[in-house]
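Subject: Structure handover

Hello,

Below is the structure I said I would pass on. My notes on it follow directly after.

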Amino acid sequence: VCALLPGFAFGHVESGVAGDGGFVSGLVHPVTGLDHMVAMVAVGLWGAVLGAPAIWVLPIAFPLIMTVGAVLGILDVPVPAIDPGVAASAIVLGGMVAANARPPLAIAFSLIAFFAIYHGHPHGAALPDFGVPILYAAGFVVATGLLHVAGIAFGLLYRWPAGKTAVRALGAAIAAVGAYFLLLAIGSGL
Amino acid sequence: LNPASRAALLMVVGAVAFSPTATAHGGADWMHGTLDGAVLFFTSLQSLLPVLVVALLARRNGSDRVAIRTVVLGIALIIGLLALPVAGDPVTVGLYARSYLIALALLVLFNLRAHAGLVLVLGLVTGALTGLEFKAVLIGDPATGFSPAVGFIASAICFHLPVALIASRHPHGWQRIAIRVVAGWIAAIAAMDIAFTIGRPG
């Protein structure tokens with residue numbers, strides 16, 4: 001039976017789905033840049049630390065406002081220091097988790113919104129080569145959401161003492177990754 | 001696995017393994033057309049997402065009129081596919097449809113209760129816009145006639161009815177949140193689609 005099944009893969013035309021700029025391209029895109037990826041995980045992680053309603057408000061807000069950043073990029077509206085901004089998002093969001101910071105939801109939302117612009121702008125400024133825009137967008141949003149969910153899943157350990165240490169350690173690691181990318185950005189002259 | 005589960009699993013694997021033999025049989029064009037239309041609905045996010053969101057509106061509007069809303073959606077799809085003239089090229093219609101989808105998704109995201117009459121109108125507009133967007137694809141091939149449109153509408157109805165019924169059954173807290181998260185992501189997908197479509201060179 002196992003020998004029979006692989007043949008079915010040839011029955012599917014890849015148009016609009018796989019490597020030609022469709023769903024899979026969008027799905028893969030957010031995980032190809034470590035600085036972007038850790039910041040998105042940090043959003044979910046911080047949401048889990050903050051608890052309801054931040055645990056679901058932040059993962060909704062981030063992709064929505066990231067779209068605003070993409071639109072700004074498409075319209076060529078300049079946003080200063082994109083790469084340092086993305087790196088700073090990992091530092092700040094990871095630092096918030098590491099420091100066990102619990103600001104009011106409005107402040108957490110504002111921080112997320114600010115950094116989401118930085119994450120969305122490059123995608124609008126340098127439009128990817130996609131075949132079907134809505135499939136690419138769906139893959140991109142789902143991947144972003146799944147990174148948030150991964151952060152939330154890990155963040156749920158926060159309710160146990162050892163888990164709290166692990167979550168804060170992960171936050172510190174994310175901040176360290178952000179610091180590395182910030183140094184890289186500064187080294188390359190922004 | 002108990003014997004019944006093993007038997008069911010074997011049947012499924014067997015059916016999957018030998019299903020390509022179905023291609024040995026030529027079918028009538030109308031039959032292929034109907035199946036193509038039915039599959040197209042589920043494989044196109046441009047059709048699946050608006051119907052999903054309009055079904056999720058039932059979450060705040062109860063199950064009383066779900067059947068009526070489904071019928072209205074079906075009629076609106078017929079109107080969009082057959083009655084309305086194409087207003088501009090499909091890309092422009094798609095941009096309007098996606099803008100409307102954002103508004104619908106935000107309605108679900110912010111958990112707003114709409115008047116029952118308004119929900120009917122929203123279903124009508126959703127069906128008409130979706131029908132308009134797929135008019136060029138589904139109507140016009142003399143070999144298949146209207147059969148792709150029949151399959152497409154049947155899929156929309158078969159999808160809308162159960163989703164709306166499930167959403168209207170006052171789900172648990174986490175399910176309500178999941179509905180709002182999905183709506184938020186759909187709004188983001190629609191907004192990003194508009195941005196990419198406008199920004200794409202050519």
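I begin with a pair of helices in chain B: the crossing of H4(B) and H6(B) is right-handed. Please keep in mind throughout that this is a predicted model. H4(B) covers residues 66–83 and H6(B) covers residues 116–138; the two pack at an angle of about 35°, and their axes are 6 Å apart. Sorted by class, the residues in this contact are 14 nonpolar, six polar and two charged.

Chain A, overall

Chain A has seven helices and zero strands, which along the sequence gives the pattern α-α-α-α-α-α-α. The chain is 190 residues long, and 49% of them count as buried. Among its contacts with a separation of 6 or more, 82% are between residues 24 or more positions apart.

A helix pair in chain A

H4(A), residues 82–98, packs against H5(A), residues 105–125, at an angle of about 145°, and here the axes are 9 Å apart. This crossing is left-handed. On the H4(A) side the contact is made by Ile82(A), Gly85(A), Val86(A), Ala88(A), Ser89(A), Val92(A), Leu93(A) and Met96(A). H5(A) contributes Leu111(A), Ile112(A), Phe115(A), Tyr118(A), His119(A), His121(A) and Pro122(A). By class, the contact of H4(A) with H5(A) consists of eleven nonpolar and four polar residues, with no charged ones.

Two histidines

One residue of that contact deserves a separate look. His119(A) lies in helix H5 of chain A and has a relative accessible area of 0%; because the limit for buried is under 20%, His119(A) counts as buried. Its side chain makes a polar contact with the side chain of Ser89(A), at 2.8 Å. Setting aside residues up to four places away in sequence, His119(A) touches Asp35(A), His36(A), Ala39(A), Met40(A), Phe62(A), Met66(A), Val86(A) and Ser89(A).

His36(A), one of those partners, is found in helix H2 of chain A. Its relative accessibility is 15%, so His36(A) is also under the 20% limit and counts as buried. Beyond its neighbours within four places in sequence, His36(A) is in contact with Pro30(A), Val86(A), His119(A) and His123(A).

Ala48(A) is in helix H2 of chain A, which spans residues 34–50. With a relative accessible area of 12%, Ala48(A) is buried. Not counting residues up to four places away in sequence, Ala48(A) touches Ile55(A), Ile152(A), Gly155(A) and Leu156(A). Ala48(A) and Tyr158(A) are 110 residues apart in sequence, while their C-alpha atoms are 7.8 Å apart in space.

The largest nonpolar core

In soluble globular proteins, nonpolar side chains tend to be buried together. Which residues touch the most other members of the largest nonpolar core here? They are Trp46(A) and Leu57(B), in a core of 89 residues. Helix H8 of chain B, residues 173–199, supplies the largest share of this core, with eleven residues. Leu57(B) touches Leu104(B), Leu107(B), Val108(B), Val119(B) and Leu122(B), again leaving out residues up to four places away in sequence.

That is what I have for now.

Regards

Technical notes. Residues numbered from 1 in each chain as written. Chains lettered and ligands numbered in written order. Predicted model: local features only at pLDDT ≥ 70, side-chain atom pairs only at ≥ 80, totals over all residues. Heavy atoms only, no water. Core = buried A, V, L, I, M, F, W, Y, C linked by side-chain atoms within 4.5 Å. Buried < 20%, exposed > 50% of the residue type's maximum accessible area, 1.4 Å probe, protein only. Helix = DSSP H or I, 4+ residues; strand = E, 2+ residues; numbered from the N terminus. Contact = heavy atoms within 4.5 Å. Axes fitted to C-alpha atoms, helices over the stretch in contact; angles between N-to-C directions. Left-handed = near helix turned anticlockwise from the far one by under 90°. Nonpolar A, V, L, I, M, F, W, Y, C, P; charged D, E, K, R; others polar. Polar contact = N/O pair within 3.5 Å; in protein donor to acceptor, adjacent residues only side chain to side chain.
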